[in-house]
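Let's take a friendly walk through a protein structure, with charged pairs, a helix and some backbone angles as our stops. Have a look at the model first, then read on.

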Amino acid sequence: MFFGEERENVILGLDLSTIPIIKKLCEIGERDILVIEDSVEPGAYTGTYYSSGFVVEKMYIIFSRDEKPLLDELGFETICLRPRLRIAKPGDLFSKISCWKKDLVPWWIPSEFSEICFMKEPGKIIKERILGGCAEYTFYSPRKIDPLRKIIVLRNGRVIKYRNLIVAYPINRFFDRISSKDLREKYINEILKLKWIGLLSISYGIRGREPNWDIILHATKASRTHIFITVSNMLRHTAPQNHYLINIQMSYCKDYPPPPDAISRGVAEIRWAGLLDSEENIVLERIFVLHHMIPYGADPNVLRELKDTLSDLNIYLLGIRGEGLSMGLRDQINRHTSLQGIIDP
């Protein structure tokens, strides 16, 4: 006899590859969906935070107009514009963003900046339009996963028996929680080879007149920041009157770790970029550490074999984090089509 909960679909990982699945399951009347992610605010890369009159995102995904219809279809409110762009230091920007690994492509910024698009309060949209009314969200991550009995145990003690487990969670973390000795022995060596590029997303709320530049790019090692964004210039609702909001992004990896003083270093760099007159005018500082942005190092053929093996157990790996494969925004969003039998029975 089983004394825990029973769920038809458990979705481990809330990102751009699972949002379409949740939306489609809701549209066909599913109401027994459990969505699990580590963040208190729903989303691996998204999350809208409100503080002192500022509206701050965990990170700012910038995309092209060609990708806008994909996000519009998911229910996000999107805005496109032509930013005032300054190249502070020319160079190989995408290599810098990818932790100086030239074969990797960052998916959260466009290939060029003559016109850019943003989502407006994506975390709020996820809560109200994606999860609202049909899916339960919890930030208690898994402690143990038994793929043979189809049971997942969460850190708060909940025990859940599932029919389908859809995983867009970091595959290395997921694998650490699998109880199957056979699976671990067969794939552990390749999983250990998998490395990740992470991102520090730091936002500053500043008192004063907003600067002229919307986007500043810095493509050399002289600065840890690779992109400076004057968010409130483009998304006017994000700062109170007589204040403005700046976001900067710094990439990191095992070979190029994050600076221990990231916030204070960021302050120095926004001053250098001409986006801040005095530190005394900073009224808000928020830093978000996003660990799993671009995967590299593992054999994709072995990872695909693992994916096929798990699918026979009704565990479906999905997206950048679940599959351990680098892919663009469009590919992430369209990944749900491989699960057509689940989302459209």
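A residue is called buried when its relative accessible area is under 20%, exposed when it is over 50%, and partly exposed in between. Keep in mind that this is a predicted model.

**Salt bridges**

How many salt bridges does a search of the whole structure find? The search gives 26. Three of these pairs are set out here.

| Pair | N to O distance |
|---|---|
| Arg 65 and Glu 115 | 2.9 Å |
| Lys 193 and Glu 190 | 3.4 Å |
| Glu 185 and Lys 181 | 3.9 Å |

Start with the salt bridge between Arg 65 and Glu 115. Arg 65 has a relative accessibility of 43%, so it counts as partly exposed.

Now move to helix α6, which covers residues 181-193. Glu 185 and Lys 181 are both in this helix, 4 residues apart, or about one turn. Are these two buried or exposed? Both Glu 185 and Lys 181 are exposed.

Lys 193 and Glu 190 are also in helix α6, 3 residues apart, again about one turn of the helix. Lys 193 counts as partly exposed because its relative accessibility is 42%. Glu 190, at 11%, counts as buried. Elsewhere, salt bridges with shared partners connect Glu 5, Arg 7, Asp 32, Glu 136 and Arg 158 in one network.

**Helix α8**

Which residues of helix α8 (residues 262-272) are buried? They are Ala 262, Gly 266, Val 267, Glu 269 and Ile 270. These buried residues pack against β12 (195-207), β14 (227-230), β15 (243-252) and β16 (282-296). Just after α8 comes Gly 274, with a positive phi of about 80 degrees.

**Positive phi without glycine**

Most residues other than glycine have a negative phi. With that in mind, look at Lys 150, which is not a glycine and yet has a positive phi of about 60 degrees. Lys 150 is in the loop between β9 (142-146) and β10 (151-154). Its relative accessibility is 24%, so Lys 150 counts as partly exposed.

Asn 242 is not a glycine either, and its phi is positive at about 65 degrees. You can find Asn 242 in the loop between α7 (231-234) and β15. Asn 242 counts as exposed because its relative accessibility is 56%.

Key
Residues numbered from 1 in each chain as written. Predicted model: local features only at pLDDT ≥ 70, side-chain atom pairs only at ≥ 80, totals over all residues. Heavy atoms only, no water. Salt bridge = Lys/Arg side-chain N within 4 Å of Asp/Glu carboxyl O. Buried < 20%, exposed > 50% of the residue type's maximum accessible area, 1.4 Å probe, protein only. Helix = DSSP H or I, 4+ residues; strand = E, 2+ residues; numbered from the N terminus. Contact = heavy atoms within 4.5 Å.
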